[in-house]
Amino acid sequence: MSGTLNGKIALVAGATRGAGRAVAVALGAEGATVYVTGRSTREQRSEIDRAETIEETAEMVTAAGGEGIAVRVDHLEADQVRALVERVDSEQGRLDVLVNDIWGGESLFSWDQRLWEHSLDKGLRILRLAIDTHIITSHYALPLLIRNPGGLVVEMTDGTAQYNAENYRISFFYDLAKTSVNRMAFAQAKELAPHGGTAVSLTPGWMRSEMMLDIYGVTEANWRDALEVQPHFAISETPTYVGRAVAALAADPEVARWNGQSLSSGGLAQVYGFTDVDGSRPDAWRYMVEVQDAGRPADVAGYR
């Protein structure tokens, strides 16, 4: 632990697993106090019905060197989000970093159904989970964040603004959800700047989350076995990579230079010098354009 974030207070909304969990742990490793939220606890799982819990995440934050505080919150419920922010204010009196990583739509979108074929209820639920949750959380958290200059908002999404503007992202509802988050960061950046705050959107590359590993039937230890099924999976990265990206942003005294921008874990690694856990620096979005989308054979030489 370097302690670069000692005394800083962070809220990672949607920290049960995946990128949110890794972000929380990375902030803790730099000494931050991190409130981790989600709907899955040891007493009650969300409809996603997975084993990961916010209590585990909080314990990992503390083990990394920070202080992890788990709070069960459904970020679609305004009263719960308001109470969360009031608690942070009461206990800490400040908020330095807000990470909006709420998602939970993995089982709702279809890979091959068009708008008129897709379940409308599931589609609208995706938008509620991916967009409304972020809006509600920022609405209540930003007044506390701007109390002190230098606050940072990180909107987590899938795909850079440029990539998403030029490529159809799987389905109508998924596409709309992920492109909207990029724009939310841009809009918040305009409103935060006069208060000394910064907002960015950030995307990991092809992330080896708990769910993704399960999809391919592998673990982190043998993830390369999945290349037999999907050779381009060679460019994938651990959630730790994007976690380190957020920690680097939070520790940067000149973070305002990024205000309103769409960033990626691979791009920030080139600036800040951090690596993935294996010492590499995957640049997934450049790889997607130049190799995968171009129809070239999988070859990560020069991309990690």
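This is a predicted model: local features need pLDDT of at least 70, side-chain atom pairs count only at pLDDT 80 or more; totals for chains, interfaces and linings use all residues.

In what sense do β1 and β2 pair, and over how many bridges? The two strands pair in the parallel sense, and five bridges connect them.

Val12 stands opposite Val36 in β2, and the bridge partner of Ala13 in β2 is Thr37. From β1 the chain passes through helix α1, residues 18-29, to reach β2, and this β-α-β crossover is right-handed.

Seven strands form an open sheet, with parallel pairing, in the order β3-β2-β1-β4-β5-β6-β7. The edge strands are β3 (67-72) and β7 (262-264), each of which pairs on one side only. From one strand to the next, the twist averages 20°.

Helix α3, residues 78-92, lies across β1, β2 and β3 and runs at about 165° to β2.

I turn next to β4, residues 97-100. Both of its faces are covered: Val97 and Val99 on one side, and Leu98 and Asn100 on the other, are all buried. Strand β4 pairs with β1 in the parallel sense over four bridges, and Leu98 is the bridge partner of Leu11. Four bridges also join β4 to β5 (residues 152-156), and these two strands run parallel. Here Asn100 stands opposite Glu155 in β5.

Which residues touch the most other members of the largest nonpolar core? They are Leu27, Val34 and Leu202, in a core of 38 residues. Helix α8, residues 239-251, gives the most to this core, with eight residues. A second, separate core has 21 residues, among them Leu84, Val85, Val88 and Ala141. In soluble globular proteins, nonpolar side chains tend to be buried together. Leaving aside residues up to four places away in sequence, Val34 touches Ala10, Val12, Ala24, Leu27, Gly28, Val61, Glu67, Gly68 and Ile69.

Two loop residues remain. Thr53 lies in the loop between β2 (33-38) and α2 (54-64). Its relative accessibility is 5%, so Thr53 counts as buried. A polar contact of 3.4 Å joins its side chain to that of Glu55. Again not counting residues up to four places away in sequence, Thr53 touches Thr16, Arg21, Ser40, Thr41 and Arg42.

The other residue is Ile170, in the loop between α5 (161-166) and α6 (172-192). Most residues other than glycine have a negative phi. With a relative accessible area of 22%, Ile170 is partly exposed.

Thank you for your attention.

Conventions:
Residues are numbered from 1 along each chain as its sequence is written. Side-chain values use heavy atoms; hydrogens and water are left out. Buried means under 20% relative accessible area, exposed over 50%, partly exposed in between (1.4 Å probe, protein chains only). A polar contact is a pair of N or O atoms within 3.5 Å; within protein, one must be able to donate a hydrogen and the other to accept it, and residues adjacent in sequence count only if both atoms are side-chain atoms. Contact means heavy atoms within 4.5 Å. A nonpolar core is a set of buried Ala, Val, Leu, Ile, Met, Phe, Trp, Tyr and Cys residues joined through side-chain atoms within 4.5 Å. Two strands pair if DSSP finds at least two bridges between them. Axes are lines fitted to C-alpha atoms, for helices over the stretch in contact, and angles run from 0 to 180 degrees between N-to-C directions. A crossover is right-handed if, with the strands pointing away from the viewer, the path from the first strand over the helix to the second runs clockwise.
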